[in-house]
Amino acid sequence: MKTVEEFLAHTIQLESEAALRFGQLADAMTTAGNKEVGRLFRRLADYSLLHLGDAKARAGFRTLPEMKAGDYRWPDVESPEAAAIWAADPFIGIEQALQVALDAESAGLDFYAEVLESTTDPEIRVLAKEFVEEESQHVAELQRWMKLHLSGQALPTEG
């Protein structure tokens, strides 16, 4: 990333796609009667919406580059979190759903960590560090949920 504006454009796209995909999965799971998994994905969609709002607020006074799909520099074909969750089955179990979510959040964390590691721009470093910290919390929370599930305990209904 060469500019803060480029970083924010990537962040807005990543979080938009993650919110959309997690929201679609939440709807699909709920419609299929898989309500617990639906609630999990809805919570993750809400987290992405919070990150999206934060990124948009930071971009509010800046002119972001207009980027087409091919202009983004992702580690893979799609933004990291969207790519990790595109194929979830509405009838998957909670363990598989947690793994899909963990893979998605880990991919987002890896993306922001790579930006943090590779940039020399001090402002991008500050922003990337904040996103690394937030994504690290999500990964840790999903790991905690996985442990709870594997030990036979119910997932938390809040937070």
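S48 touches E15, A18, A19, F22 and E81, leaving aside residues up to four places away in sequence; touching, or contact, means heavy atoms within 4.5 Å. This is a predicted model, where local features need pLDDT of at least 70 and side-chain atom pairs count only at pLDDT 80 or more, while totals for chains, interfaces and linings use all residues. Residues are numbered from 1 along each chain as its sequence is written, and side-chain values use heavy atoms, with hydrogens and water left out.

- S48 sits in helix α2; helices here are DSSP runs (H or I, at least four residues), numbered from the N terminus.
- With a relative accessible area of 1%, S48 is buried, the cut-offs being under 20% for buried, over 50% for exposed and partly exposed in between (1.4 Å probe, protein chains only).
- A45 also has its place in helix α2, which covers residues 35–59, and it counts as buried because its relative accessibility is 2%.
- Not counting residues up to four places away in sequence, A45 touches A19, F22 and G23.
- Going C-alpha to C-alpha, A45 and Q24 are 8.9 Å apart in space but 21 residues apart in sequence.

**Helix α1**

- Helix α1 (residues 4–31) has 28 residues, so at 1.5 Å a residue it should span 40 Å, and its end C-alpha atoms agree at 40 Å apart; the expected span is 1.5 Å times one less than the number of residues.
- Just after α1, G33 takes a positive phi of about 85°.

**How α1 meets α4**

- The axes of α1 and helix α4 (residues 94–118) come within 12 Å and cross at roughly 180°; these axes are lines fitted to C-alpha atoms over the stretch in contact, with angles from 0 to 180 degrees between N-to-C directions.
- The two helices, α1 and α4, are therefore roughly antiparallel, a label for angles over 145 degrees.
- On the α1 side the contact has F7, H10, T11, L14, E15 and F22, and these meet A101, A104, E105, F111, Y112 and V115 in α4.

**Aromatic pairs**

- The count comes to 5 aromatic pairs, where rings of Phe, Tyr and Trp (its six-membered ring) pair if their centres lie within 6.5 Å.
- F7 and Y112 form an edge-to-face pair, 6.0 Å centre to centre with 65° between the planes; edge-to-face means planes over 60 degrees apart.
- That pair links distant parts of the chain, with F7 in α1 and Y112 in α4, 105 residues apart.
- Both F7 and Y112 are buried.
- Ring pairs also link F7, F111, Y112 and F131 into a cluster.

Definitions and conventions
Angles under 35 degrees count as roughly parallel, over 145 as roughly antiparallel, 65 to 115 as roughly perpendicular and the rest as oblique. Rings of Phe, Tyr and Trp (its six-membered ring) pair if their centres lie within 6.5 Å; planes under 30 degrees apart count as stacked, over 60 as edge-to-face and the rest as tilted.
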